[in-house]
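Let's learn to read a protein model by asking where its labels come from. Keep the picture open while you go through the questions and answers.

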Amino acid sequence: MKRIAIIGGGISGLSAAFFLEQRRLAGIPLEYILFEASPRFGGVIFTERVDDCLVEAGPDSFLTEKPEASELCRDLGITDQLLGSNDSQRKTYILVNGKLIAIPDGLAFMIPTKVFPAALSPLFSWHTKLKMAREWFHPPLEVKSDESVASFVERHYGKDMLDRVADPLLSGIYGGDASQLSVKAVLPRFVEMQARCGSLSKAVIKNRSQAIEKSSRPIFTSLKDGMQELVSALLLRIPASSIHSSAPIQSVSSVSSGWRVSWKENTEQFDSVILAVPSYVTAKLLDSPIANLASELRGIQYSSSVTVALGFDRKVREFLPAGFGYLVPRGEGKRVLAVTFVHNKFPHRAPEDRALLRCFLAGTRDESVLGLSDDEILQTVGKELREVLGIKAEPGFTRIYKWKAAMAQYNVGHLERLQRIEILRTQLPGLFFAGNAHNGIGIPDCVRSGQQAASQALGVARHVSDSLLPT
């Protein structure tokens with residue numbers, strides 16, 4: 001019987017465990033244990049109900065177009081709990097010179113697909129608008145080497161598009177910096193469109209028929225009782241005997257008979273190990289004879305984030321602009337990176353007489369915010385909400401969630417680093433990696449990562465060179 005250890009009880013580790021449980025129930029002889037260092041499973045996924053509002057501490061949804069999370073919900077029997085975003089109210093603003101300006105209609109991430117809304121928008125200078133027009137005539141360009149998102153965007157659409165749209169969007173998603181992030185890792189579809197059509201706008205227009213076909217689907221999907229519902233459903237389907245919480249792993253060592261995992265005062269042998277933890281944790285835990293592996297894993301940088309939820313009364317709700325919220329370019333000199341109007345984004349997140357806001361801070365440009373006290377963070381958020389939205393009322397409740405070094409940064413050269421890690425990993429059969437450092441940071445990406453690692457662990461044939469193993 002094959003024994004598999006899964007280290008890390010976030011969504012990647014839970015997805016791996018559920019994948020293995022399905023195979024075990026199908027008759028495959030295997031035993032697995034899921035280890036989590038903290039008392040709680042789910043990683044950054046955590047939902048609270050506060051004053052009749054549903055508050056997400058981490059991600060509030062997943063991209064509908066990526067199927068893995070929806071398919072997992074189907075396998076768990078909770079598709080009736082899926083909840084789409086209120087796309088009829090979807091409007092996002094950019095803070096420019098202290099004022100909110102709506103992103104023009106037809107802007108697909110940063111790609112203008114409608115001429116008049118972009119041409120008439122005060123978001124862009126006339127120089128940028130001319131650059132958008134010229135972009136239609138870009139010839140196909142295939143670039144072999146990696147480059148930053150910043151240089152890619154600026155080449156196509158100019159500095160306004162970079163500073164006012166692309167960088168704030170990526171800061172909100174990755175907590176990162178467009179001048180550091182890899183375009184091949186972060187925007188691979190854009191790279192493919194550039195190689196095929198040259199003009200990104202032209203490529204999107206060519207694909208519009210497919211986009212129209214999918215337009216009836218909501219952009220974001222969540223669950224009625226919050227993202228925690230996904231974690232709870234997974235835990236219900238994984239036997240209690242297969243999960244260990246409050247079990248921090250001390251070391252993972254390759255031995256001739258497989259893998260030795262040590263935690264607290266215990267040591268067990270396994271045929272395979274799935275490390276579904278941040279890469280810097282993997283590097284620390286892994287007692288590997290492959291010297292470069294730990295170095296490559298540590299080379300993946302991470303950003304931190306702080307999420308602040310605030311509940312306000314009806315007067316504030318009626319006073320707020322329509323839409324999903326706003327993004328803040330770094331040139332505005334604010335510490336709040338983005339604000340989501342949760343009561344608009346999803347139904348049933350707040351009573352009709354409440355406003356629920358989520359504010360995001362930190363990221364690679366402001367890691368020091370994690371060192372502030374809760375009072376200092378609330379003072380900062382309150383001051384900036386007054387300056388931008390004119391909110392003078394005190395919130396009925398607040399919640400602050402700090403996530404240190406939680407989001408992998410796909411910096412220039414990231415895909416090449418992953419290739420080097422994979423080559424080194426294959427020299428240690430039975431070892432597999434999962435998590436947001438590998439091929440996607442969203443929930444569907446992490447689900448896929450965990451499932452792929454579990455599938456590989458089931459099929460591994462162990463042939464270890466004696467030179468790599470301890471005697």
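**Cavities, a pocket and a buried residue**

The second largest cavity is lined by V143, S145, E147, F152, V183, K184, V191 and Q194. This comes from a predicted model.

Q: Which elements give two or more residues to the lining of the second largest cavity?
A: Two helices do: α7 (183–186) and α8 (188–197).

Q: What makes a space like this a cavity, and what volume does the second largest cavity have?
A: A cavity is a set of points where a 1.4 Å probe fits but cannot get out. The second largest cavity has a volume of about 50 Å³.

Q: How do you know which classes of residue line the second largest cavity?
A: Sort the lining residues by class: there are 4 nonpolar, 2 polar and 2 charged residues.

Q: How many cavities of 30 Å³ or more does a search of the whole structure find?
A: The search finds 2. The largest cavity comes to about 70 Å³.

Q: Which residues line the largest cavity?
A: You can find L54, V55, E56, D60, A309, V342, F346, R349, L356 and R358 around the largest cavity. Two strands, β4 (53–56) and β21 (355–362), each give two or more residues to this lining. The largest share, 3 residues, belongs to β4.

Q: What classes of residue make up the lining of the largest cavity?
A: This lining has 6 nonpolar and 4 charged residues, with no polar ones.

Q: What makes a pocket a pocket rather than a cavity?
A: A pocket is an open set of points, whereas a cavity is one the probe cannot leave. For the second largest pocket, the space comes to about 300 Å³.

Q: Which residues lie nearest the centre of the second largest pocket?
A: They are E422, F433, H438, N439 and Q452, out of 13 lining residues. Helices α17 (414–425) and α18 (443–459) each supply two or more residues to the lining. Helix α18 gives the most, with 6 residues. By class, the pocket lining holds 4 nonpolar, 5 polar and 4 charged residues.

Q: Why is F35 called buried?
A: Buried means under 20% relative accessible area. F35 has a relative accessible area of 1%, so F35 is buried.

Q: Where is F35, and what is in contact with F35?
A: F35 sits in strand β2 (residues 30–35). Leaving aside neighbours within four places in sequence, its contacts include A5, I6, I7, H244, V261, W263 and F270. Contact here means heavy atoms within 4.5 Å.

Q: How much of the protein is buried?
A: Buried residues make up 53% of the 471 residues.

Q: How do you know that the protein agrees with a compact globule?
A: Set the value against the rule: with 471 residues, a compact globule would have a radius of gyration near 23 Å. The protein has 23 Å, so the two agree. Along its principal axes, the C-alpha trace spans about 70 × 55 × 45 Å.

Q: How many helices and strands does the protein have?
A: Its secondary structure comes to 18 helices and 23 strands. Of the contacts with a separation of 6 or more, 75% are between residues 24 or more positions apart.

Note on methods: Residues numbered from 1 in each chain as written. Predicted model: local features only at pLDDT ≥ 70, side-chain atom pairs only at ≥ 80, totals over all residues. Heavy atoms only, no water. 1 Å grid on protein atoms, 1.4 Å probe; cavity = no way out; pocket = protein on both sides within 12 Å on 5 of 7 lines; lining within 4 Å. Points joined across faces, edges and corners; volume = space filled by probe spheres on them. Helix = DSSP H or I, 4+ residues; strand = E, 2+ residues; numbered from the N terminus. Nonpolar A, V, L, I, M, F, W, Y, C, P; charged D, E, K, R; others polar. Rg over C-alpha atoms; globule rule 2.2 N^0.38 Å. Buried < 20%, exposed > 50% of the residue type's maximum accessible area, 1.4 Å probe, protein only.
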